[in-house]
Every structure is written in C-alpha cells, then in structure tokens.
Amino acid sequence: MTSAPALSLSADDARRLALRAQGFLGAPDRRAGVRGVLRRLGAVQLDTISVLARSHELVPYARLGAVGREAVEAAYWSERHAFEYWSHAACVLPVEEWPFFSFRRRALRARGRRWHDLAERDAVCARVRDRLRADGPLTASELGGAKNGGVWWDWSEVKIAVEWLLDTGEVVCAERRGWKRVYDLAERAVPGTLFHDDLDDAECLRRLVGQAGAALGVATRADLADYHRLRGAQVDAVLPDTPLVPVEVEGWGKPAWADPAALASPPRGRHRTTLLSPFDSLVWDRPRTERVFGFTHRLEAYVPRPRRVHGYFAMPLLAGGRLVGRVDPAREGRTLVARQVSMAGRRAVAPMAAALVEAATWVGCDDVRVERCDDVTLAGALRAELATTLPAPAD
C-alpha cells in the first residue's frame, strides 16, 4: 500500500501559516493577553540587551501593541503562570510545559555537571535548599553572593549550587527582579498537578515537537529541532507520533510538516505592522527567516562597531506579512532615535514611520529622529512621513 502524497503548499501559503501561528495575522486575542501569547508561542527568549525594552517585553508588544511593560512582567511571573528554563535559550515558558522538560533535567543529572565544578556541591546545595525552604524566594545575592568578585563567569559556590539545582529541577526561577533570577523550591513554585517528572523522554520530545510545529505553523525538521534546541535524531524518533502532517512547500527543497489545525482554515485577517526583537521566535532561526521571508538578518551587538552593517540591535520591520526593513533604535530622553535605517523601497516608508511612532509612544517618547538611512531619497521620505504621523506637541 502506498502512502498518500504530501499536501503541496505555495511559498506564500507557508509564509501566511507561519505568521498566523506566531500571532501576526488575524485579530490579536487581547482577552488572552500576554499569557495567551506565551502559551501560543510556547517559549519567549530572554536576553540581557535592553534598547527600547528587553526582548521578552518586545515579544508580546509586537503582537498586542502597547501593553504596559509592568503588565508584561506581572503576566509572566504572578500566580505561578510561568517559569524560566533552557529551551531555545534561556526562555520564559508556560508552567504547563514543566513536565515536558523532565527529559532535559534527567540528562543534566546523568551528566553530573554543567559548566562549573564544585568540590563541596552537595553540602552547598543542602544549604541553598534550607535557606529557600526557610526564607522563601531569594536571588543569588540574597543567598550569599553570585560572584567571587572577579569577571562575570567567576561564580560563587552558592551561584554554582543554585544553578545546578535549577538545571536539575529542584529549584525554579520564579521571576526576574532587576534582571536577577529569583529562585524558589520547585515543589513550592510549580503547581502540584504539574510537579512531576513521570513523562518518559519519548513523550517529552513528542510534546515539544508537536508544540513547536503548532507555534511555527509549517516547519522543516531543522526548524522543529531548533525551536527548543533538540537534536535532529530526537525529532526523527517522535515525529511520526505527533499530530503534524507532511507537506511539500514550494521552493523549500526539504520535507516539511504542518500543524493540521493550521491547515484546516486558510489564514486571513489583518497583518500586524511592528518592529521585531532579533530574539523574537518569528525570526530567531536565521536560516528559516531567510527561507520563509527572503530576509537575511544578523544580530550585530557582538560584532565590533567598525564591522557592523545595520547596527547594534537592528530590529526587523514586519509589514503586510513581509520583512521590509530594519532599524537600529536608541533613546535620548523623550526622543526615539533611529540611528540607522534600511527599507525595501518606497512602499516601506509609511509602515516604518508608523512602527517607529508606535514604539516611541510605548516607551514614553514623543519624538522620533532619523540619523542615518542607507538611501538618501528614502530618508527624506521617512522624515516627511514622520512629520505627518507624529502627534502634534501639546500647548
């Protein structure tokens, strides 16, 4: 008996499926809010860089608009709705996914170490457990100090111990406070119905691959693996047992799988116009971004300044379902500064102006200044558009 041929999708079909799955096509579910975005994506990456805001704040903003930054933090961390763990990178994860990462916690326990060695680890871990049990959630500094006084990776014994307990599931990052992790005992921070590690590795991987497929809409094997940083062999082992269905996508040249719920109805609705964090899950996988959008993007924050092409924290511009430009933003008082701008032609000018004004308003700025643009004509058009888009100054 021969298997049925895979469903064929055009490149535009695949792009729209990806946009809807990520929350950029169709009316945003404002009632579900930030928590709804988190559950939909399954992972929101954290990063130390803060320009307009930190990346985990930019992700819900890009989908919902000007949701308050304090509201974002409260949605993540209050009432035990989320935890931080290793997924695509360090990520905020919906607490419902706690059991799915037991495979990773078991693997780390079996390996016996992560980055640092600690001769008296068991004794220090015991002290950390006792402090958290007695005093409740604490930062590493409150537990006894995060560093030995040297470079940032010169961790103290307490920091090594509490991070080991986090890796292996005894401790959870309950929130971030002033960008510091706040640790608590997992048995107290994770709801009892979810605080278990009884899913075997295959079931954990099956759930995570299925979740990645739903969050991506349509994906290759490499896309599915990258979402939660799984190995290709792990994806292969469980893919047949997920709900995902095989499809062929025009121009991809690789087998792909789609979420059947996404295929059930064609993507329709309004496209979001917004600036994206480079760590947004729509674009964090650079090969996928190039394949789906024909857009090459690179984070240049760690590139020496003379070698940067688009700037320190260039944010892609999403408009009309396509990536049509980028801007490297900064803030000076109440002015949002577009330090460097590039746009894919005249059609991107109005969306760029709208996205800059919305972002400025969100972060409390009332003016936008364009410093550089790689096209002089487009620079003039953008400045003119901003002059008509910015709200008039109050008398």
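## Burial and overall form

Buried residues (under 20% relative accessible area with a 1.4 Å probe, protein chains only) make up 55% of the 395 residues in the chain. This is a predicted model, in which local features need pLDDT of at least 70 and side-chain atom pairs count only at pLDDT 80 or more, while totals for chains, interfaces and linings use all residues. Residues are numbered from 1 along each chain as its sequence is written, and side-chain values use heavy atoms, with hydrogens and water left out.

**Exercise 1.** Compare the radius of gyration of the chain with that of a compact globule.

*Solution.* Begin with the rule, 2.2 Å times the number of residues to the power 0.38, applied to C-alpha atoms. Because the chain has 395 residues, a compact globule would have a radius near 21 Å, and the 22 Å of the chain agrees with this.

**Exercise 2.** Determine which residues of helix 5 are buried and which elements they pack against.

*Solution.* First locate helix 5 at residues 102-111 (a DSSP run of H or I, at least four residues), where S102, F103, R104, R105 and L108 are buried. Next look for contacts (heavy atoms within 4.5 Å): these buried residues pack against strand 3 (82-86; strands are E runs of at least two), helix 8 (157-168), helix 10 (201-216) and helix 12 (232-238). Finally, follow the backbone just past helix 5, where G112 takes a positive phi of about 90 degrees.

**Exercise 3.** State how many helices and strands the chain has.

Key:
Buried means under 20% relative accessible area, exposed over 50%, partly exposed in between (1.4 Å probe, protein chains only).
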